[in-house]
Amino acid sequence: LNHVAKNNKECLNVPEFEEALRRTEEQFLPEKCFCYENPISYAEYSPDGKYIATMFGDNYNDVVLLSAEDGSVINTLNLDKVVQVLSFSEDGNYIVTSDVENVVKIWSVKDGNCMKVLDDKFNDIYEMELSDDGKYLLVASSDAEVWSVEDEKCLYTFDCGEYDVTSVRFTPDEKYVITDTKDNVIGLWSLENGQQLWEAKDEKGYFGNIIDISPNGEYLAATTMYQPVSNLFSMKTGELLWTIKHHENDEISAVLFSKDGKYIATSGNNEFKLWSVDDRKCMWSVDNFNIDRDERIDHGQAAEIRLSPNGKYLCATNSYSGSRLFSIENGECVLEVKNSTISDFSSDGTHFVTVCENVILLWSLEHIENVRLYKQKLDNPERYRSELFTPDGKYVLRSGRGIELWSVESGKLIDTLYGISG
């Protein structure tokens, strides 16, 4: 506790921190803890891992940028209207927002200034994405549009049919755009000439609405809300290659690729699964996701899932169950945080953040990995009543006949203290 408090003097409230620790059943401490006056309703890491974009309480008019290093407030983006959509540029230098009146603004993360305003140009906005260099903006609205940020001009409008466009994405090489509509028509468009290369549609409504593109640009994963299937397409031809199936009564609400493109994670109301892209098979699954494990969730709320950039972990979070961190290798649960409603990974794969009301906990993934490996080589665990890992993950205190100090790296006993009652 003193170690964490020493590094967070400005934003750490010790009683609140102690309460936050009671919400986790783990035997080790988070690396950092940031406490604030108001509950946190939104949190997302910037792609460069330097900032955490947050919104507090019922105030959805302001986006507060926090330092991921010490939790201090860097900048506040004052939108005046409720934020509907928020997205970082890939380099983390810009944020694009739209409000309830569909006014689009582009902000500098460095100084918090609004650089551009696109007003009175859009109907309902479903999704936006900035190019890596911040020069181009994709907008999903009644149509799909590509805008030049510098000139504030629309370069292309893609004719996707009579229904609204619900999703737009750049391909990894940013040469093409993927669009998806309310009637489940997926299209691939060229940014060079604005022409459509292919489209995929299913009359039963099994395609679209939720999409993700593999990092190598070879595959597109797509699923429709309220359906138990997700589909894998060839990005080159639009050919359907593979259909992923959940239980027939389940509804897939999320699909995403791992950073190395080897896996696809899917989440439904009652289960989430990890799939091998090469083998076209399920690696492992978790049914009836619940942090308490003796209760079944039948509230119909699926877990939000994320995959760590280092390819080692999957996180699942919902408001009923909190957050759980799983090893991608074997599906083992390595961390449980009760009452956590928001979670995210840093882009460099070093940290994992969980939000419990007004408290942000930052966990070191290196520390968690050390603990996991340590537990695998644990000798005679039944002789110890309890264990506590130091915040740096290098040592563990084990309570048995005395208090034993062990090295996590070597697994060797360093010293034993006797005669201690608490």
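User: Let's start with disulfides: how many does the structure hold?

Analyst: The general idea is that a disulfide is a covalent bond between the sulfur atoms of two cysteines. In this predicted model, the structure holds zero disulfides.

User: Which cysteine sulfur is nearest to that of cysteine 33, and how far away is it?

Analyst: That's the sulfur of cysteine 35, at 3.8 Å. A disulfide needs the sulfur atoms within 2.5 Å, so cysteine 33 is in no disulfide.

User: And is cysteine 33 buried or exposed?

Analyst: Cysteine 33 counts as buried, because its relative accessibility is 0%.

User: What about cysteine 333?

Analyst: Cysteine 333 is in no disulfide either, and the nearest cysteine sulfur, on cysteine 315, is 9.8 Å away. With a relative accessible area of 22%, cysteine 333 is partly exposed.

User: Now salt bridges. What should I look for, and how many are there?

Analyst: Look for a side-chain nitrogen of Lys or Arg within 4 Å of a carboxyl oxygen of Asp or Glu. By this rule the count is eight salt bridges.

User: Which residue does aspartate 212 pair with?

Analyst: Its partner is arginine 169, and the closest N and O atoms are 3.7 Å apart. This pair links distant parts of the chain: aspartate 212 sits in strand 18 (residues 210-213) and arginine 169 in strand 14 (residues 165-170), 43 residues apart. Aspartate 212 counts as buried at 16% relative accessibility, while arginine 169, at 23%, is partly exposed.

User: Where do aspartate 183 and lysine 201 lie?

Analyst: Aspartate 183 is in the loop between strand 15 (176-181) and strand 16 (185-190), and lysine 201 is in strand 17 (residues 196-201), so their pairing ties together parts that are 18 residues apart in sequence. Their side chains meet in a salt bridge at 3.9 Å, N to O. Aspartate 183 is partly exposed at 21% relative accessibility, and lysine 201 is partly exposed at 38%.

User: Are lysine 273 and glutamate 271 buried or exposed?

Analyst: Both lysine 273 and glutamate 271 are buried. Their side chains form a salt bridge too, with 3.5 Å from N to O.

Conventions. Residues numbered from 1 in each chain as written. Predicted model: local features only at pLDDT ≥ 70, side-chain atom pairs only at ≥ 80, totals over all residues. Heavy atoms only, no water. Buried < 20%, exposed > 50% of the residue type's maximum accessible area, 1.4 Å probe, protein only. Helix = DSSP H or I, 4+ residues; strand = E, 2+ residues; numbered from the N terminus.
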